Amino acid sequence: MNKIHILGIGPGSRDYLLPITERVVSEANVIIGGSRALELFKKYKQEKILITVDLAKIKDYIKENYQTKKIAVLVSGDPGLYSILNYLKRFFSKSELEVIPGISAMQLAFAKAKLIWQDAYITSLHGNRDKKALLELVSTKDKVAFFTDNKFPPNEIAEFLVENGVKNKIGIVVENLSYESERIVEASLEELSKQKFAKLTVMVIYNG
């Protein structure tokens, strides 16, 4: 029986792509992924399917075809951290899935910041603007790390926290990880609130 391969492709640059992932993709009949993921494998001529917001269509296609086709599903970073794996596990058994890890943007961000992350509380603010929950986390945890988006970017996060009495915290923003435009900014929340950042960022806030 063919396995449905869920493959972590790292933060974006081919430099962080694991050899096993490259091999599995090269052996696949169908490659499924987001636009940036598919761009990473544009040299391959297999059938490619773009992941959109309609995940049910992706799930249905896999169900109908995985027994006759080798399917590789590409996810940014690591499959175990905010990826389509959580969705697909609702419809496929563990025996039908094969998960290959990748280097997550979160992992790389901590490495770039030269910080350990074993003691960090990790979450995501993608599509989630529950500011009260964020305020509670940052106020009660020594180190909080999260993915951001353009709906609630790092400068607005920093401004909100300062306005609500968060003091003596250091913020690190890592944007465009692994790309040529990568930038790392470490500063007080007050200083971060005055800057602008790219859409793709990881933010870490810890006790100063």
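This is a predicted model: local features need pLDDT of at least 70, side-chain atom pairs count only at pLDDT 80 or more; totals for chains, interfaces and linings use all residues.
Which residues in α6 meet which residues in α7?

Select helix α6 (residues 131-140) together with helix α7 (residues 154-163). On the α6 side, K131, L134, L135 and V138 take part, and they meet I157, F160 and L161 of α7. By residue class, this contact of α6 with α7 comprises six nonpolar residues, one charged and no polar. Because angles of 65 to 115 degrees count as roughly perpendicular, α6 is roughly perpendicular to α7.

Keep I157 selected and display its surroundings. Apart from neighbours within four places in sequence, I157 is in contact with L125, L134, F146, T148, F152 and M203.

Now extend the selection to the largest nonpolar core, which has 21 residues. I157 is among those with the most contacts inside this core, along with F146, L161, L192 and M203. At least two core residues come from each of α6, β7 (143-148), α7, β9 (183-188), α8 (189-192) and β10 (201-207).

The last stop concerns aromatic rings. The whole structure contains six aromatic pairs. One of them joins Y82 and F147 edge-to-face, at 6.2 Å centre to centre and with 80° between the planes. Y82 is located in the loop between β4 (71-75) and α4 (85-88), whereas F147 belongs to strand β7; the pair thus links distant parts of the chain, 65 residues apart. F147 counts as buried because its relative accessibility is 12%, and buried means under 20%.

Notes: Residues are numbered from 1 along each chain as its sequence is written. Side-chain values use heavy atoms; hydrogens and water are left out. Axes are lines fitted to C-alpha atoms, for helices over the stretch in contact, and angles run from 0 to 180 degrees between N-to-C directions. Helices (H or I, at least four residues) and strands (E, at least two) are DSSP runs, numbered from the N terminus. Angles under 35 degrees count as roughly parallel, over 145 as roughly antiparallel, 65 to 115 as roughly perpendicular and the rest as oblique. Contact means heavy atoms within 4.5 Å. Ala, Val, Leu, Ile, Met, Phe, Trp, Tyr, Cys and Pro count as nonpolar, Asp, Glu, Lys and Arg as charged, and the others, Gly among them, as polar. A nonpolar core is a set of buried Ala, Val, Leu, Ile, Met, Phe, Trp, Tyr and Cys residues joined through side-chain atoms within 4.5 Å. Buried means under 20% relative accessible area, exposed over 50%, partly exposed in between (1.4 Å probe, protein chains only). Rings of Phe, Tyr and Trp (its six-membered ring) pair if their centres lie within 6.5 Å; planes under 30 degrees apart count as stacked, over 60 as edge-to-face and the rest as tilted.
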